[in-house]
Amino acid sequence: MGAIHVHEFMSLDGVIDAPTWTFEYGFDPKMGEVLGATCGGCEGILLGRTTYEMFEPAWSTRTVEDDPGAPFFNDTTKYVVSGTLTDPTWRNSKVIGPYDPDAIRRLKDEVEGDLYVSGSITLVRAMLADGLIDELHLFVYPLTRGSGPRLFTEDAAPGKLSLAASDSYDNGVVYLNYRPQA
């Protein structure tokens, strides 16, 4: 059975909306190394519809010369959780239907390797609630947003996590890798 690895860019106060606010901090090359390692064992990308629709125009035309992550995003099978998307146009994309925790469990069993998730807050929250996420990879930026969607909502069930890895970068960003405690 593969694992689900969730990657998010997050403000210090927990906001994870479209991270255009990260641009002013630059992207430390060591952050790219962490993302590369996170994606390294992943044989599938699991996305919610909104993130899929944001990623497709951003990634589908990129080449390795544009961004070293382009081959991963373009060549890896993308599994889209959606009850409304019917005809995905980004190559290697499959719609798996509306959110169903059992369908996600089956996907974890079927995919040879791990699944990578980025963004997709509605999907991530549902999978957290259903105990389907194996690792959180959070890049926490040194700013507060005040308002916006947060990874954990006020009504989220309490839970405990174990710190698996951490690092800090010259741009002020902190990397935190957590695993749910059993």
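**Entry 1: cysteines.** How far is the sulfur of Cys 42 from the closest cysteine sulfur, and in which residue does that sulfur lie? I worked on a predicted model. I found the closest cysteine sulfur to that of Cys 42 in Cys 39, at 5.8 Å, which is too far for a bond.

I then looked up the accessibility of both residues. Cys 42 is buried, with a relative accessible area of 5%. Cys 39 is buried as well, with a relative accessible area of 13%.

**Entry 2: the largest pocket.** I noted a volume of about 1300 Å³ for the largest pocket. Its lining comprises 43 residues, and those closest to the centre are His 7, Phe 9, Phe 55, Trp 59 and Ser 118. I listed the elements that contribute two or more residues to this lining: strands E1 (4-11) and E5 (114-118), together with helices H1 (29-40), H2 (49-59), H3 (70-75) and H5 (121-129). H2 gives the most, with 7 residues. By residue class, I recorded 23 nonpolar, 15 polar and 5 charged residues in the lining of the largest pocket.

**Entry 3: His 7.** I next examined one of the residues closest to the centre of the largest pocket, His 7. His 7 belongs to strand E1. Is His 7 buried or exposed? I found a relative accessibility of 2% for His 7, which therefore counts as buried, the limit being under 20%. Its side chain makes a polar contact with the side chain of Ser 118, at 3.4 Å. Leaving aside residues up to four places away in sequence, I found that His 7 touches Leu 35, Tyr 116, Val 117, Ser 118, Gly 119, His 137 and Phe 139.

**Entry 4: the second largest pocket.** I recorded a volume of about 370 Å³ for the second largest pocket. Of its 17 lining residues, Leu 128, Ala 129, Phe 152, Ala 157 and Gly 159 are the closest to the centre. H5 supplies the largest share of this lining, 4 residues. I noted the composition of the lining of the second largest pocket as 12 nonpolar, 3 polar and 2 charged residues.

Terms used
Residues numbered from 1 in each chain as written. Predicted model: local features only at pLDDT ≥ 70, side-chain atom pairs only at ≥ 80, totals over all residues. Heavy atoms only, no water. 1 Å grid on protein atoms, 1.4 Å probe; cavity = no way out; pocket = protein on both sides within 12 Å on 5 of 7 lines; lining within 4 Å. Points joined across faces, edges and corners; volume = space filled by probe spheres on them. Nonpolar A, V, L, I, M, F, W, Y, C, P; charged D, E, K, R; others polar. Buried < 20%, exposed > 50% of the residue type's maximum accessible area, 1.4 Å probe, protein only. Disulfide = S-S within 2.5 Å. Polar contact = N/O pair within 3.5 Å; in protein donor to acceptor, adjacent residues only side chain to side chain. Contact = heavy atoms within 4.5 Å.
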